[in-house]
Amino acid sequence: VRWIAEVAGFSGLMWILVEGLCRVLGRGGVSDDVMFAVQMGAIALLPVGVVALFGAVSWRARIIGRLVPMRRAWRV
Amino acid sequence: MRDSLRLRIGWLHAWLGLLGGLVLFCIFLSGTLAVFDDEITLWMQPDAVVGTAQTPSPQAVTRTAAALEQAWRTRPFAFLMMPGARRPGLHVVSYDGHAFVGPTLDPADGHVVPLRATEGGAFFYDLHFTLRLGERYGALVVAVLALVMLVGVVSGVVLHVRGLVRDLLTFRPFAGRFRAWLDGHVLTGVLCLPFIVMMAYTGAVIEADLLFPVPRPVADDAAAVGVQTDGVPFEGVLARALGRGADVLAPDRIGFVLFDATRISVYRSDASRLAMTRDHVDFDRADGRFLGFVRSDPGGGRVQQVVDGLHIAQWTPWPMRWLYFLSGLAGTVLIGSGLVLFFIKRRSRFGATLPFRLGEGLVLAVVSGLPGASVGFLWANRLIPPSQAGRAGAEVAVFFGVWGLWAVGGVVASLAGCAAAGWRRALEVLGVLALCLPLLDWAVRPVGGGVSPGVTVGVWGVAVALGAAAVGVRWVLRRGRKA
């Protein structure tokens, strides 16, 4: 269940960011060429970003797992 | 359980692949068949010969003008598709929500060629593009699934990145069932990785405005189409526009002609170059006067045109078209084998549970049922009388009827605990349907019909290859059971 929530969360987060960017730029009078470039970049980055964020959590767990004992040792 | 990168990515790949793969299999297979959409349409309209001339005669232009004026009475957005190398004839067509339909005229003298009503290859194009759900919501679903496909590809590469070269050289079809399917899955994935990434990415980019809408000022649409200027013969105006358009674009480079209340626009054929440029020559609707040659935007618009061209592949010569087809088949095998693998891997732990059996039945219905329904669609084309009213819709109904029956059979077999037997029966039916298609065509095709030998050989060859593959997999399954 946690992993489903993570995937949904990361996907939703990236989607909101890209959609918001498109809307802000579109209302700001940015040219169609730039908007298309933004859309192309978003479509390339969104899947990579979801996989990277989802995968990165395991690295975070590993890094925290290493840092916490070090911090405890430093306090002692 | 250790929360490792490989475990997490494997989970993402498997579950996203299962949920998206059932529909993506449909999108990939129909897209693969749509590579030859015009050829399938030609095969499905064997009733008469259509002249192959690329330039219509004056008499044909006159009759085409009359056909257009008649069409505008009931279909105000009807337009003209010019003869092409892959699809001969002049076509006065309009969009009915699924396909461009309308009469075909012979470019030699303009007579209406008596062809049976069918959606033809456009059916597979529509299934691929919108899942038959309409341009707005269907295309959005397909675009989102293209993103899901990209997530699946990226996660699959992360999983297999260490052994990409080794996987390219490894295929053991007679090993254990899991190993054989995994080899097939990885081999097709690695072999066609660039193609699959390109198609998924360009497919999503084509619908970028649906995925990430950009607020733009609303364009002022042209007035109603089909308004005829009084007192000026339309056939003369059309002939002048086509003649001058051919001078500017080259006679065999005209794709289609659009009409609005004030202009006639002669567009460059999509088959003429990689970029789908939409270059067009405009003429005054009242007197055929040349208004100008509108070239496409050389900036970012050109990038979009190249993306469209890469995905839709109208520009491709025959070897490249077959390469698209074979790569699409490999992508379809990749998705299908992934779906099968999901259930083989979990059978020992969850094989007796209801969700597992239901899911396995759905996979059976999609992976073997969709090719079966596609062959059934071609069978229906030959068995439904050419003059029957509403026969185009009847063919589509047969497609979904066969698929529905297949799904019911697959799910019932799986719920009853006989999924393996269900697979064997499904493959037997698919093999018989596909292998007998050439026989049926030979038996019932009208004498003196207009299907070229190349198209016939192509359709028969693909049907026989599909039937042989079904029989081959059936044989391997039987061998596995004995072992």
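In this predicted model, 51% of the 483 residues of chain B count as buried, a class that requires under 20% relative accessible area. The accessible surface of the chain amounts to about 22,000 Å², and carbon and sulfur atoms contribute 67% of that area.

The C-alpha atoms of chain B occupy a box of roughly 80 × 55 × 35 Å along the principal axes. A compact globule of 483 residues would have a radius of gyration near 23 Å, so the 25 Å of chain B agrees with that expectation. Among contacts in chain B with a separation of 6 or more, 69% join residues 24 or more positions apart.

The secondary structure of chain B comprises 17 helices and eight strands. One of the helices, α3, covers residues 58-74 of chain B and thus holds 17 residues. From its first C-alpha to its last, α3 reaches 25 Å, close to the 24 Å expected at 1.5 Å a residue.

Helix α3(B) also contributes to the buried part of the chain. Its buried residues are Ala60(B), Val61(B), Thr64(B), Ala65(B), Ala67(B), Leu68(B), Ala71(B) and Trp72(B).

Chain B carries 44 positive and 34 negative side chains, and 16 Å separates the centres of the two sets.

Note on methods: Residues are numbered from 1 along each chain as its sequence is written. Chains are lettered from A and ligands numbered from 1 in the order in which they are written. This is a predicted model: local features need pLDDT of at least 70, side-chain atom pairs count only at pLDDT 80 or more; totals for chains, interfaces and linings use all residues. Side-chain values use heavy atoms; hydrogens and water are left out. Helices (H or I, at least four residues) and strands (E, at least two) are DSSP runs, numbered from the N terminus. The radius of gyration is taken over C-alpha atoms; the globule rule is 2.2 Å times the number of residues to the power 0.38. Buried means under 20% relative accessible area, exposed over 50%, partly exposed in between (1.4 Å probe, protein chains only). Contact means heavy atoms within 4.5 Å. Accessible areas come from the Shrake-Rupley method with a 1.4 Å probe; for residues, only the protein chains shown count as cover. Lys and Arg count as positive and Asp and Glu as negative; His and the chain ends are not counted. The place of a charge is taken as NZ of Lys, CZ of Arg, CG of Asp or CD of Glu. The expected span of a helix is 1.5 Å times one less than its number of residues.
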